[in-house]
Amino acid sequence: MSDAAFRVCIIHLHRGKSEIVTFGDKNKHIGGSGLAAALFEQFGLPGEPWSHPDQPLIFAIGCLTGYFPLMSKTVAGFKSPYHDQYAESHAGGRLALAMRFAGYDAIVLRGRARLPVAVHIGSRIIETKDANYLWGANVFTAGRVIRRAFPSGSGHRSILRIGPAGETLSAYACINVDTFRHFGRLGSGSVMGVKNVKAIVVSGDGDMELPGTDSKVYGKLFKKVYKDMTATEMMSKYHDLGTPVNIAPLNALKSLPIRNLQQTSDPDAEGLSGEKFGADLLIRNAACSGCPVGCIHVGMLREQFQDEHRFQIRQVSYDFETIFSLGSMVGLMDASSALALMDEVEKQGLDAMSTGVALAWATEAFQKGLLSMEQVEYDLAFGNLQAYKEAVWCLGHAKNEFYRDLAQGSMHAAGKYGGEDFACVLGQEMAGYATGETFFASQSLSFRHSHLDTGAYGYDQKHHDKNPDKAVAFMVEDERERVLLTSLVACLFARGVYKKELLAECLACVGLPDLAANMDQASEDMQRLRWRTRLATGFEPEKSRVPKRFLEVETWAGNMEPAYLDAVRQGYIKVIRELGAPAETRQE
Amino acid sequence: MKILRATRMDRCIGCHSCSLACARLVHKKFSWLASGIRIRSSGGLTTGFEARLCLACEPAACALACPTGAFSQRKGGGVIVKMRQCIRCGLCAEACPVDAVYLDQAGQPHVCIHCGQCVEFCPHDCLELREKPEHVCVGGTCDV
């Protein structure tokens, strides 16, 4: 095994032992997305269900993690409870640097603990502690107790935990990372839950030598990247109002999903704008470790709980996606109400986007008489904050048959209760961009069913020629470039700064000149490996659908063109099949 | 002689850029711990951050405790470090009243030398290099 191999910590939960192995090749797998897929190829069971005890839960960082600004994210790889196929989810927080300084490029959880545990991993410690007493605790309580149970290392460790949703095995339970960040989408929280792991603590308690051979060259390059990230206009959007700045322009473009996508624009959306949050609720910013941009926006939720001026305050992080899903999508058109619902979703450990979109579907289904009061228990109506807060608790706890079904996904529930036409599902619950056909095609088919797989929402806004071949070519190339970034692992907000030339310079500087010279091929290979893995675990892109509601959307550019949407999807399906073809077939 | 102060930690976002810069530029390490300034959360991310760094005592307890010339008194507060003299005894870290000396895994001490190289890497201007007003500082630290 060469120096370019990754160092991986494998925890065998069922027998309380771990092993440290060298695995793969940085020049080939890069790290992050590529490394996670390679580890799944090695340890995953494609034909077994996601809940099989031997399925791995993988966390992977990349070969530039921590060495340069915004190389600050971690990729989780797992078989998803949402679709029972291989999936990825990405999170920031302190995890990436904590893993780097603990000395592991990846952590793999295998097996299932007999009783709930908390796992602690550091450079010189690997232990599991009983956490049976924490089962049932919400995300905030779990965080507080775990901080006390593992008292050392404050500031230089990362704490991952699940809430009730991960314990009741919701298809969209998240893993909370350091309070404000998440492995949000596709149900990684339930993969922890099914393994009986309530929390994971990663202590970044080691120190390392500087990368490369010349500390001056490294220091100079770091400074250059740092200046680009902080002093230029490119990052100001994330630094200033943050992603919520998109609410007003998308509303103006009739592209903001509102009230279960029955509308795409509403004058009341002004109450949810980034400007409104910034003026009324923003109290501070926070950052992922290793990122000077500080894009985490924290709002103050002030709630009166008793007469005579008795208030409680909480700090709740907000982003565009949570404002869309737990604000406009459910008709909560004021910032404080949206923030209050975000807080409830955090406690339960649910994915904010899927939860909001699922509740929006349930609201319309209830209005249309497909669901009874007995089933929903609370008066689900657009704008009814109290009912939604109760419903979120019911979702997290899988309280009755209906909420158990809804916790498996909107389309799953619609398949049983009706209303499939207006379930806003594109592979999973939609992201907040009703920008047009290209985005709908992209999210319905893309690898993570995420708005971040490709820049299709931007493409819809910039290109109006409705040329399916061009759209497909854009998506595939954009995906390949993003695979490189999510393998290194960079925050995708830095994609405007981390162009290929700069990445090559960074890779050469840390002693990976071969990868620097071969980035395009390596990222294409990892793009193919990811698709092969996804297809091997059962993805059939031909069976994906775009529900009718999406075709009824009218944006600033007009009505949807079903023929164009279909052509883009067919073109993308063809490429996915080609990218995901078995390696030996392709070589022939 | 100027000293480093973390005077505006209420603004800190917890990015660790200062620690990484100190480790990289002063201590020649890739670390967020082997650094003259370390950032901790004061009990979860919602409670904010605090900086662990040398408060520039005069006389410095760490220098008094050092059995060799590795740590000696710096004029104006703090210490001058000569690592070749260090025998890895750890007495400096033990003596520091504010836990400002970090011992790495090999037992090597890392402490702030008040050079100010971290200041430009703080995106929120939490840090500053400034004169220590002598009239309030003789015999100890001061709140500047």
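**Labels and their cut-offs**

Modeller: Let's start with A:K17, which counts as exposed, with 12 C-beta neighbours inside 10 Å.

Colleague: Why is A:K17 called exposed?

Modeller: A residue is buried if 20 or more other C-beta atoms lie within 10 Å of its own, exposed if 12 or fewer, and partly exposed in between, with C-beta atoms placed from the backbone. A:K17 has 12 such neighbours, so it counts as exposed. Its place is in strand β2 (residues 17-23) of chain A. Helices (H or I, at least four residues) and strands (E, at least two) are DSSP runs, numbered from the N terminus. A:K17 and A:E127 are 110 residues apart in sequence, yet their C-alpha atoms are 8.5 Å apart in space.

Colleague: And the ground rules?

Modeller: This is a predicted model, where local features need pLDDT of at least 70, side-chain atom pairs count only at pLDDT 80 or more, and totals for chains, interfaces and linings use all residues. Residues are numbered from 1 along each chain as its sequence is written, while chains are lettered from A and ligands numbered from 1 in the order in which they are written.

Colleague: What does the predictor say about the complex and about chain B?

Modeller: The complex gets an ipTM of 0.92 and a pTM of 0.96. pLDDT is the predictor's confidence in each residue, from 0 to 100. For chain B the mean pLDDT is 91, and 92% of its residues reach 70 or more. Over residues 138-144 of chain B, though, the pLDDT is below 50, and beyond near neighbours in sequence this stretch has 12 contacts in the model. Two residues are in contact if their C-beta atoms, placed from the backbone, lie within 7 Å.

Colleague: Is B:V101 buried or exposed, and how do you know?

Modeller: B:V101 has 24 other C-beta atoms within 10 Å, so it is buried. You'll find B:V101 in the loop between α3 (91-95) and β7 (102-103) of chain B. Not counting residues up to four places away in sequence, B:V101 touches B:C62, B:C92, B:A93, B:C96, B:P109 and B:V111. B:I37 is 64 residues away along the chain, with 9.1 Å between its C-alpha atom and that of B:V101.

Colleague: What makes strand β7 of chain A largely enclosed?

Modeller: 5 of the 5 residues of β7(A), residues 117-121, are buried, so the strand is largely enclosed by the rest of the structure. A:V117, A:V119 and A:I121 point one way, and A:A118 and A:H120 the other. In a regular strand the side chains alternate between the two faces of the sheet.

Colleague: How do you know which strands pair with β7(A)?

Modeller: Two strands pair if DSSP finds at least two bridges between them. With β12 (residues 197-203) of chain A there are 5 bridges, running parallel, and A:V119 stands opposite A:I200. With β8 (residues 126-130) of chain A there are also 5, running antiparallel, and A:V117 faces A:D130. β7(A) and β8(A) form a hairpin with 4 residues between them.

Colleague: What makes α18 of chain A largely enclosed?

Modeller: 9 of the 9 residues of α18(A), residues 437-445, are buried, so this helix is largely enclosed by the rest of the structure. Its cover includes α20 (468-488) and α25 (562-579) of chain A.

Colleague: What makes up the largest nonpolar core?

Modeller: A nonpolar core is a set of buried Ala, Val, Leu, Ile, Met, Phe, Trp, Tyr and Cys residues joined through C-beta atoms within 7 Å. The largest one has 245 residues, and A:I58, A:M99, A:A106, A:W361 and A:A362 touch the most other members. α13(A) gives the most to this core, with 10 residues. A:M99 touches residues including A:F59, A:I61 and A:V202.

Colleague: Which strands pair across the two chains?

Modeller: Strand β13 (residues 208-209) of chain A and β2(B) are joined by 2 bridges and run antiparallel. That count reaches the at least two bridges asked of a pair, so they do pair. A:M208 stands opposite B:F30. The contact takes 26 residues from chain B and 32 residues from chain A. On the chain B side, α1(B) gives the most, with 4 residues.
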